[in-house]
Amino acid sequence: MRIHWTAVYVLWRREMIRYFRTKSRIFGSLAMPVFFLIALGLGFRRMPVPGTDGGTGYIGFLAPGIIGMTLLFSSSMQGMSVLWDREFGFLKEIMVAPVSRVSLVLGRIAGGTTTSMIQGLLIFIASLVMGFRFRGPAALAFGLVFMVLIAFTFIGFGLVFASRMKDMQGFGLVMNFIIFPFFFLSGALTPLENFPWAIRALSYVDPLTYGVDGLRAVLIGASSFPVLVDLAVMTAFALIMLFLGTYFFEKSEGI
Amino acid sequence: MDAIRVDGLVKTFDGFTAVDRISFAVEEGELFGLLGPNGAGKTTTINMLATLLRPTSGTAAVAGFDVARDRDAVRKSIGIVFQEPALDGRLTGRENLEFHTMMYGLGKTERHRRIDEVLTLVELTDKAATLVEKYSGGMKRRLEIARGLTHRPKVLFLDEPTLGLDAQTRRHIWDYVRKLNKEAGVTIILTTHYMEEADFLCDRVAIMDHGQFVALDTPARLKDTLGGDVVSLELEGDTAGFLEDLGRRDWIKRSKFHEDVLSLTMERGERRIPELVVMAQHHGVAVNCVQLRKPSLEDVFLHFTGRTIREQEASQSERNRGMMMGHGRR
């Protein structure tokens, strides 16, 4: 199927205009991760965390987790923004456009990834203010790779859910019973090693686990899995979720 | 070539048949109307033709392309103005139009020219930089109509284009739709539940009820099926001779005499009134009052469905309420 790059660009631009026009949304969605950083970062700052002997402290452990959390929430919301467009009628305008459905999905992914990355980077900066230190520019570059993979994965995930739901009713359900468990199971706040084995088994199928672990590996040099394992698993998740998101979006009826 | 060709089109939603085996063709350049109460299946029909819904069975081709197999080609050929606003409120009027024209692949200069053109046309030029969420209902509608035109579609679908608009704006949009059809040659399919709108605008009208077409013809011929105009005469005096004389005229299709008022059905009633008055005088009957009523599409609707469109809508919403309550209980 042909890709119409103009359409991808237009959808991306629309997302940018909307994002920067609603400042309240930017700060609103940053509030929770920042509170987590402050409350947990200060509260547990003297707690020893296994596996982080490099003197990074709890903030070193926590910051990659909160960056992952920010990406998780903002990307799944972006994927599910199809639901908002359906609610406000604009989805019909998008669906009658004479461009391939793949272009529509790519446009949404491009817009969603950009806004999620901006959010993630803002939290990254906030953690620096909180005393987070990382291993230098190369670490940041590799960190960005993991951030993009997390964003792709959960945008695809959001698209799948948005295509299966006809209205906003199921939205809260998805948030509470899927997104939040993804967050807590990922080891974003607490080391995986502390979980009992039954819960840890669930953590191993949570994509965010590998995203956060990968971020820790490259940013602070401490992780549960080898970094290449994290990278391979995250890439696989990202590709699968993008494929599924596209597939379900194409299959769903326009309105 | 026909702009639209529909053959045995069906759409069912969870066992409810919204569109029930309709077939019709629309010629290029025609202004075609789908008239019917809410819930008759008009919007579902339009959505299938615009590739937004997949037909359950049957086939439909728009501008020569099959709506199920050749969706992109169909999308390229059509413009659509939806019943419910389909605008992004967080964008300005101009940004909405830019989004649209870029999606349709127009170049930059062409885009700006056409956007300015359509904005002038719907008189929104000075509101172009305002966020659409601040627009009134009428302004949104005008912007949507403008948007449907920017890419010069071959076939334009208008789903209840004047719903909820004030009389002046409605008139304005009517003139515009006509002009577009006659001068630019755009084939237009519009749905409406306003009788006078269908009558005023459409070359041909399909009357739709419960997912089916109950009649399809030009407004004039549809009205002719009722046998013509009704002339009512309020009479005074001895009417026996006059009535007997009238009985011999074969151009009178029906006659009814009730409480001094004589109602006669005939074609071209306005031409017969003088003759009728002269006849009455001849028989020594005084005519106190004459009324001529042209049949409207409302009468046609009544004729074919046995109810007025208003009654039909009332019962339809009753039915929908019943269905919803049914869902609630489950």
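View 1. V227(A) sits in helix 10 of chain A (helices, H or I, at least four residues, and strands, E, at least two, are DSSP runs numbered from the N terminus). V227(A) comes out as partly exposed because its relative accessible area is 35%, where buried means under 20%, exposed over 50% and partly exposed in between (1.4 Å probe, protein chains only). Together with F142(A), V145(A), L228(A) and L231(A), V227(A) makes a nonpolar surface patch with about 440 Å² of accessible area. Helix 6 (137-164) and helix 10 (227-251) of chain A each give two or more residues to the patch, and helix 10 has the largest share, three residues. Patch members need over 30% relative accessible area and no salt bridge; like charges are joined within 9 Å, and nonpolar side chains (Val, Leu, Ile, Met, Phe, Trp, Tyr) within 5 Å. Areas are Shrake-Rupley values with a 1.4 Å probe, and for residues only the protein chains shown count as cover.

A word on the model: it is predicted, so local features need pLDDT of at least 70 and side-chain atom pairs pLDDT 80 or more, while totals for chains, interfaces and linings use all residues. Residues are numbered from 1 along each chain as its sequence is written, chains are lettered from A and ligands numbered from 1 in the order written, and side-chain values use heavy atoms, with hydrogens and water left out.

**View 2. Inside the largest nonpolar core.** A nonpolar core is a set of buried Ala, Val, Leu, Ile, Met, Phe, Trp, Tyr and Cys residues joined through side-chain atoms within 4.5 Å. The largest one has 109 residues, and I4(B), V62(B), M103(B) and F157(B) touch the most other members. Helix 3 (residues 57-87) of chain A gives the most to this core, 14 residues. Apart from it there is another core of 41 residues, including L143(B) and C202(B).

**View 3. Where chain A meets chain B.** Contact here means heavy atoms within 4.5 Å, and 31 residues of chain A and 29 of chain B take part. About 2,700 Å² is buried between the chains, with 61% from carbon and sulfur atoms; buried area is the accessible area (1.4 Å probe) that two parts lose on being put together, summed over both. The two chains share five salt bridges, a salt bridge being a side-chain nitrogen of Lys or Arg within 4 Å of a carboxyl oxygen of Asp or Glu. E95(B) and R21(A) pair up in a salt bridge at 2.8 Å, N to O.

**View 4. Two salt bridges within helices of chain B.** D72(B) and R75(B) form a salt bridge at 2.9 Å, N to O. They are about one helical turn apart, because three residues separate them in helix 2 (residues 71-77) of chain B. D72(B) is partly exposed at 26%, whereas R75(B) is buried at 3%. In helix 4 (residues 108-121) of chain B, E117(B) and R113(B) lie four residues apart, about one turn, with their closest N and O atoms 3.2 Å apart in a salt bridge.

**View 5. A salt bridge across the sequence of chain B.** D229(B) and K294(B) form a salt bridge, with the closest N and O atoms 2.9 Å apart. D229(B) is in strand 11 (residues 229-236) and K294(B) in the loop between strand 14 (286-293) and helix 11 (297-305) of chain B, so the pair ties together parts 65 residues apart in sequence. D229(B) is buried at 6% relative accessibility, while K294(B) is partly exposed at 45%.
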